[in-house]
Protein chains: 2
Amino acid sequence: MIARVIVTPKPVVNDPQGITVKQGLASLGFREVSDVRVGKYIEVHLDSSNEHEARQRVEAMCRQLLANHVIEDFRFEIVKESRK
Amino acid sequence: MIARVIVTPKPVVNDPQGITVKQGLASLGFREVSDVRVGKYIEVHLDSSNEHEARQRVEAMCRQLLANHVIEDFRFEIVKESRK
C-alpha cells in the first residue's frame, strides 16, 4: 500500500517559502495569485495488507516523525499499490 | 479557487531526503516501510472564476517556476475556495 501524506504549515504560522514563491509568481506575471502556502508531500510505501492497520501506523509515523505538530498539520490517504 | 500542486522527484532520480526519512522510520520501529519519496506540496490561492483558465495558468506556473521538469513531475487539482 501507499500512504500519501501532506504536511502543511498551520494557518497561523509564517510561511516564508510560500511568500517567496508568491513573489516569484508575481514577477513572472501571475498576478492573480493571492496567497501561496508550501508544505511537504511524503509518499510512504508499506508492506501491509490491512488498510485499517496501515492507517493507524501512518498516523503514528506522522505524529512521531513526519510532521511537527506544533507548527504543522497533516493529512493522508491510503491507496492500493496498483498504480506503481 | 485553490490549486493543490504536488511536485515529486521523478522515479529515476535519487531522493536522499526520502532515504533519510525511511531510515528514521525504521529506527522508530516502522519496519514495514519499503520506500519513501519526499516531494513538495504547494497550495496556490487564485483570484479566478474560470476553472478552465485557472487550470491553464497553474500548468504554466508549474512549468515556469514550481517544478524542475528535468528531475521532477507535477500534478495538481483545482478546488473551489469553500473549505477555506
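Is K10(A) buried or partly exposed? With a relative accessible area of 23%, K10(A) is partly exposed (buried is under 20% relative accessible area, exposed over 50%, partly exposed in between, with a 1.4 Å probe and protein chains only). Some notes on the rest follow.

1. Ground rules. This is a predicted model, where local features need pLDDT of at least 70 and side-chain atom pairs count only at pLDDT 80 or more, while totals for chains, interfaces and linings use all residues. Residues are numbered from 1 along each chain as its sequence is written, chains are lettered from A and ligands numbered from 1 in the order in which they are written, and side-chain values use heavy atoms, with hydrogens and water left out.

2. The interface overall. Chain A puts 33 residues into the contact and chain B puts in 33 residues (contact means heavy atoms within 4.5 Å). About 3000 Å² is buried between chain A and chain B, with carbon and sulfur atoms giving 61% of that (buried area is the accessible area, 1.4 Å probe, that two parts lose on being put together, summed over both). On the chain A side, the residues that lose the most area to chain B are F30(A), E32(A) and Y41(A), together 22% of what that side buries.

3. Polar contacts and make-up. There are 16 residue pairs in polar contact across the interface of chain A and chain B, both residues at pLDDT 80 or more. A polar contact here is a pair of N or O atoms within 3.5 Å; within protein, one must be able to donate a hydrogen and the other to accept it, and residues adjacent in sequence count only if both atoms are side-chain atoms. The elements giving two or more residues to the side of chain A that touches chain B are β1 (2-9), α1 (16-27), β2 (33-46) and α2 (51-66) of chain A (helices are DSSP runs of H or I with at least four residues, strands are runs of E with at least two, numbered from the N terminus). β2(A) gives the most to that side, with 14 residues. By type, the side of chain A that touches chain B has 16 nonpolar, seven polar and 10 charged residues; Ala, Val, Leu, Ile, Met, Phe, Trp, Tyr, Cys and Pro count as nonpolar, Asp, Glu, Lys and Arg as charged, and the others, Gly among them, as polar.

4. Strand pairing between chains. β2(A) and strand β2 (residues 33-46) of chain B run antiparallel and are joined by 13 bridges (two strands pair if DSSP finds at least two bridges between them). K40(A) has K40(B) as its bridge partner in β2(B).

5. Salt bridges across the interface. How many salt bridges are counted between chain A and chain B? The count is two (a salt bridge is a side-chain nitrogen of Lys or Arg within 4 Å of a carboxyl oxygen of Asp or Glu). One joins the side chains of R57(B) and E32(A), at 2.6 Å, N to O. That pair crosses between chains, from helix α2 (residues 51-66) of chain B to the loop between α1 and β2 of chain A. R57(B) is partly exposed at 30% relative accessibility, whereas E32(A) is buried at 15%. The side chains of E32(B) and R57(A) also meet in a salt bridge, at 2.6 Å, N to O.

6. Back to K10(A). Over all chains the salt-bridge count comes to 14. One of them pairs K10(A) with D73(A), with the closest N and O atoms 3.1 Å apart. K10(A) sits in the loop between β1 and α1 of chain A and D73(A) in strand β3 of chain A, so the pair ties together parts that are 63 residues apart in sequence. D73(A) counts as partly exposed, at 32% relative accessibility.

7. Within α2 of chain A. E59(A) and R63(A) form a salt bridge through their side chains (2.7 Å, N to O). The two are four residues apart in helix α2 of chain A, which means about one helical turn separates them. R63(A) is exposed, with a relative accessible area of 52%, while E59(A) is partly exposed, at 29%. Elsewhere, E51(A), R55(A) and K80(A) are joined into one network by salt bridges that share partners.

8. E72(A). This residue is in strand β3 (residues 72-79) of chain A and counts as buried, at 16% relative accessibility. Not counting residues up to four places away in sequence, E72(A) touches residues including K10(A), K40(A) and L66(A).

9. S34(A). This one lies in strand β2 of chain A and is partly exposed, with a relative accessible area of 32%. Leaving aside neighbours within four places in sequence, S34(A) contacts K22(A), H45(B), L46(B) and D47(B). S34(A) and E53(A) are 19 residues apart in sequence and 40 Å apart in space, C-alpha to C-alpha.
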